Amino acid sequence: MEASKSNQGSALEEESKEPNQLIKGMRSLQFKKIVQDLHSKRSWKEIISNDEEKKIKDGLHTLSYTKPSIIQAAAIPKIRASPNENFLFQSGNGSGKTGAFCVPAIFAVDPSSTDYQVIILANSRELIRQIKQVLDVLSKNTGIKIEIGEDAEIKQCQILVTTPNYFANKLTGRTSIKLRAIKLVVFDEADEIFKHQSNLEILEVLVNYLKSNTPFPQYVLFLATLDDEVIENIKSIVTEFNSFKLKKEALVLKGVCQYYLVADIKKRREFLQKYFDMFKQCAMIFTNQKKTAIFIQDALKELGNSTEMLIGGGTMSFQERDRIIDGFRKQSFHALISTNVLARGIDVPEVDIVINFDIPVTSNEGYYEPDYANYQHRIGRTGRFGTDGLALTFVENDNDGVNMGHLKSIETHYGTEIKEVKSIEEFLEIYRAMRPYLFVYNDSKQGFDI
Ligand SMILES: Nc1ncnc2c1ncn2[C@@H]1O[C@H](COP(=O)(O)OP(=O)(O)OP(=O)(O)O)[C@@H](O)[C@H]1O
């Protein structure tokens, strides 16, 4: 697969011969190109000191963080203000939350001490590795040591990026790690972390353990989606915090065009065949169940496509998961099939289409209901940082209309529109016409080449 979207292969070359016709096609399909600028009006020098900016300047440049994003400009000064306070920040998918906690994490570290000083918690191995990659780039001139912690023993470091599970057996016993110098604890995708009872038990022990630290550690939570139950769970562990929340409507990803197609399993398979015959693009395909992920993977392989599947729950080794996500980042295959394990946080800006093989649902006392948060997170894997993306959700045509009801509930919940496409061909035409507009970063990632 090509490494850059500026060279999108034969189909695009064909299209680029007829730009006027294409634009006409775009208009007739009533696309509205919405490019959201998520940058703050303030410069880095206005939110961190000159000296600090010098320390991370190379990293900011490498990451193309030319200016702080809105959430970075809002959160960084608050986190760093004295005296330290606890915060919860809500901000949309792809708005730059990672930088908003990585920058303060770096400046929280006293380089003269080798102790663990910052803990960053996230919900998946892929996410903690991604956060470490951003930290490594930003901190490259600082000498700060950053490690990820999972099952294996970790080396001593100053910033530990890990999952809550890691602490289950690390706070007591022979393998315990010394956390007496921890001054900042960050929760990324905090709603996912605080949703699970098993995590709450671990976090309660951790927070109690850190209570005797001097100074008292600061807790900072970042999330895109949020519900009342999660807030209660957070309050039970991090008792006091200032919240900066958004209305649900503000979470709508303006750049992501959302469609649905009523399709049984045969039609979905046919869609995948036709889609991958025409396009070799960077796609993420989500499904609720592992067995469906395996079905899709087998079907796509049978049709001769280079795809990979990444599922959680201990089914795959860490090495295998790392190989697959790293391969996807390098675009060494066309499509990544996954369950919700990759719905959150994963940032691969080249993803220009998300396919929901089924509507995300969650089980509540035996009843299935729409999984609003995971719908939003799944489609948020495209349209990163204000770019345009495309999302297609398949709806099973059941007789009692339950699936359609779920889709309509998602629309209502977010106050958004998910447009129907009547046929596979209609969607493929839309995609063909939209392709030049999807993820069109120029080399410096600072603008759009149209
Ligand atoms: N200041 C900035 N300037 C330009 N690009 C940025 C800036 N901050 C972040 N980005 C880019 O925006 C994209 C999304 O950032 P990030 O992954 O931090 O989003 P997020 O808010 O954590 O999203 P999600 O909730 O989906 O995890 C990344 O590709 C990142 O490189």
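Trainee: How many salt bridges are there across the interface of domain 1 and domain 2?
Mentor: The rule finds seven, a salt bridge being a side-chain nitrogen of Lys or Arg within 4 Å of a carboxyl oxygen of Asp or Glu. Keep in mind that this is a predicted model, where local features need pLDDT of at least 70, side-chain atom pairs count only at pLDDT 80 or more, and totals for chains, interfaces and linings use all residues. Residues are numbered from 1 along each chain as its sequence is written, and side-chain values use heavy atoms, with hydrogens and water left out.
Trainee: What does Glu126 form a salt bridge with?
Mentor: Its partner is Arg321, and the closest N and O atoms are 2.8 Å apart.
Trainee: OK, and where do the domains run in the chain?
Mentor: Domain 1 covers 26-247 and domain 2 covers 252-449, with bounds from an automatic or database domain assignment. Their centres, taken over C-alpha atoms, are separated by 27 Å.
Trainee: How much area is buried between domain 1 and domain 2?
Mentor: About 3000 Å², with 54% of that from carbon and sulfur atoms. Buried area here is the accessible area (1.4 Å probe) that two parts lose on being put together, summed over both.
Trainee: New topic: is Thr393 buried or exposed?
Mentor: Thr393 is buried, because its relative accessible area is 1%; buried means under 20%, exposed over 50% and partly exposed in between, using a 1.4 Å probe and protein chains only.
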